[in-house]
Amino acid sequence: MRNIYIETYGCQMNMADSEIVASILKQEGYDLVDDLNKADIVLINTCSIRENAEQRVIKRISELDSLRKKRQWLKIGVLGCMAERMQDSLIKTHNVDLVVGPDSYRDIPWLLSFQGEGCGGLISTELSETETYSEIYPEKINSNGVTAFIPIMRGCENFCSYCVVPYTRGRERSRDFKTIVSEAEKLFAQGYREVTLLGQNVNSYLWNQGEKDEVNFAKLISLVAEINPLLRVRFSTSHPKDISQELLDTMATYDNVCKFIHLPLQSGSDRILHLMNRKYTAGEYLDKINKIKETIKDCGISTDIISGFCTENLEDHGLTLNIMRQVGYDSAFMFKYSERPNTLAAKKYEDDVSDEEKTRRLEEIINLQRELSFQSNKKDIGKTFEVLIEGESKRSTEKLFGRNSQNKVILFDKKDLRLGQYVNVKVNDCTSATLFGETVS
Ligand code: 5AD
Ligand code: SF4
């Protein structure tokens with residue numbers, strides 16, 4: 001009864017957390033399986049960021065619950081943000097056996113040891129001010145052996161008014177830089193060639209403030225970059241209010257720090273940004289973009305945008321479209337506003353833009369971004385990029401794909417090339433989503 005199957009929903013942080021959970025369980029003698037049919041225990045790592053993310057998981061839980069008609073011994077555990085937000089209602093209403101929040105993963109083996117003793121559902125959801133799972137070396141799940149995530153901090157204290165994360169992931173805390181660097185070194189030694197440093201707001205990473213061994217985010221990036229020039233370094237996510245000139249200078253200094261920044265805009269209207277509690281204006285955001293463009297030659301820039309936040313009118317929406325054109329984003333994640341229980345926005349503002357109108361605005365945003373991405377990609381035709389090979393194309397076994405420093409996906413012929421190799425690829429064609437090219441010497 002010790003076969004565990006882990007299913008992960010949501011962000012990159014959740015993927016990394018699932019690997020921490022896998023590591024904790026493996027150390028306790030559990031076996032990880034990659035087939036649900038072999039599992040005795042299913043753990044679902046969940047996301048609460050939008051209502052539809054939660055609905056998908058609720059549907060999945062009921063599918064798993066009905067599997068128990070044939071396999072009565074199957075235990076179902078819910079981890080992550082939904083565990084933290086929904087607490088024991090998951091046990092009472094959805095028949096779940098185990099509910100564990102993002103800071104309690106070390107409790108899972110102990111909680112599992114009670115399963116089968118007829119004690120009903122068990123729950124551990126206390127948030128911590130110190131837990132960073134610092135010393136746990138993650139057990140890779142579905143890894144390509146080339147790219148890896150490294151969480152460098154946990155939690156968020158920005159309290160953007162629409163966002164549930166500060167409530168589900170708790171206080172912001174940074175992980176000891178020594179364990180981050182040693183994890184990256186170990187990954188490199190195992191053949192990994194790219195690490196993405198993860199946090200809700202990486203620019204406020206700070207280890208041992210005021211002490212001799214204080215390390216801020218720019219310093220951390222340089223320490224990881226210095227491990228080996230063949231190890232690429234990426235990071236996500238940056239909050240526009242915190243991105244520093246020191247970080248931009250560090251990015252420009254090291255060839256192996258990828259020239260790509262994900263800088264969530266959310267809205268182009270100062271009035272909406274204020275209601276969102278984003279702590280910057282559109283003008284300040286554009287200043288940061290200009291600093292990026294001045295400091296780093298050819299830096300890829302992507303963003304997040306929310307359509308139809310409370311009280312958003314057509315003028316606000318138009319300002320968002322304007323700023324998208326001004327920046328010329330290479331790519332974007334775009335969402336309809338989804339009210340989350342107990343957030344500041346849910347308490348203070350009315351969710352007064354109709355779903356139909358949110359969808360219409362979102363479609364305009366998506367169409368504009370498709371055009372911007374296509375323009376950005378067309379500019380790359382004729383250029384040659386260094387590409388790290390990450391895998392086979394989904395459409396053709398004759399093609400491989402990788403990304404350039406600017407985070408763009410490029411497809412090219414397989415020949416006798418291998419995953420984890422660097423190749424130079426000359427771009428000869430594109431769509432709005434992908435570049436196509438040929439390897440050159
Ligand atoms: N509704 C819609 N989108 C949201 N995001 C965060 N909270 C919400 C919400 N309530 C988006 C933001 C954030 C990204 C991770 O998810 O754009 O940057
Ligand atoms: Fe949510 Fe804002 Fe924190 Fe991002 S920075 S996790 S949007 S509260």
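Which handedness does the β-α-β unit of β15, helix α12 and β16 have? In this predicted model, the unit is right-handed: with the strands pointing away from the viewer, the path from the first strand over the helix to the second runs clockwise. Helix α12 covers residues 314-327. Strands β15 (residues 300-307) and β16 (residues 331-336) pair in the parallel sense over six bridges. Two strands count as paired if DSSP finds at least two bridges between them. Helices (H or I, at least four residues) and strands (E, at least two) are DSSP runs, numbered from the N terminus. Within this pair, T303 stands opposite A332 of β16.

Residues are numbered from 1 along each chain as its sequence is written, and chains are lettered from A and ligands numbered from 1 in the order in which they are written.

An open sheet is formed by six strands in the order β2-β1-β3-β4-β5-β6, with parallel pairing. Strands β2 (31-32) and β6 (122-124) stand at the edges; each has a single partner strand, so one side of each lacks a neighbour in the sheet. Strand β1 (residues 3-8) is joined to β2 by two bridges. There, N3 stands opposite D31. Helix α1 (residues 12-27) packs on the sheet and touches β1, β2, β3 (41-46) and β4 (75-80). Contact means heavy atoms within 4.5 Å. The direction of α1 makes about 170° with that of β1. Helix α2 (residues 51-67) lies across β1, β3 and β4, at about 175° to β3. Axes are lines fitted to C-alpha atoms, for helices over the stretch in contact; angles run from 0 to 180 degrees between N-to-C directions.

Two backbone features fall in loops. Most residues other than glycine have a negative phi, and most peptide bonds are trans. The bond between S236 and T237 is cis, with omega about 5°. T237 sits in the loop between β13 (232-236) and α9 (245-253). N95, not a glycine, has a positive phi of about 65°. N95 lies in the loop between α4 (89-94) and β5 (98-100).

An unreviewed UniProt entry annotates residues 378-441 as "domain: TRAM". This span is 2% helix and 53% strand, and its end C-alpha atoms lie 23 Å apart.

Technical notes: This is a predicted model: local features need pLDDT of at least 70, side-chain atom pairs count only at pLDDT 80 or more; totals for chains, interfaces and linings use all residues. Side-chain values use heavy atoms; hydrogens and water are left out. UniProt positions are given in the numbering used here, feature names are shortened, and annotations may be inferred rather than shown by experiment.
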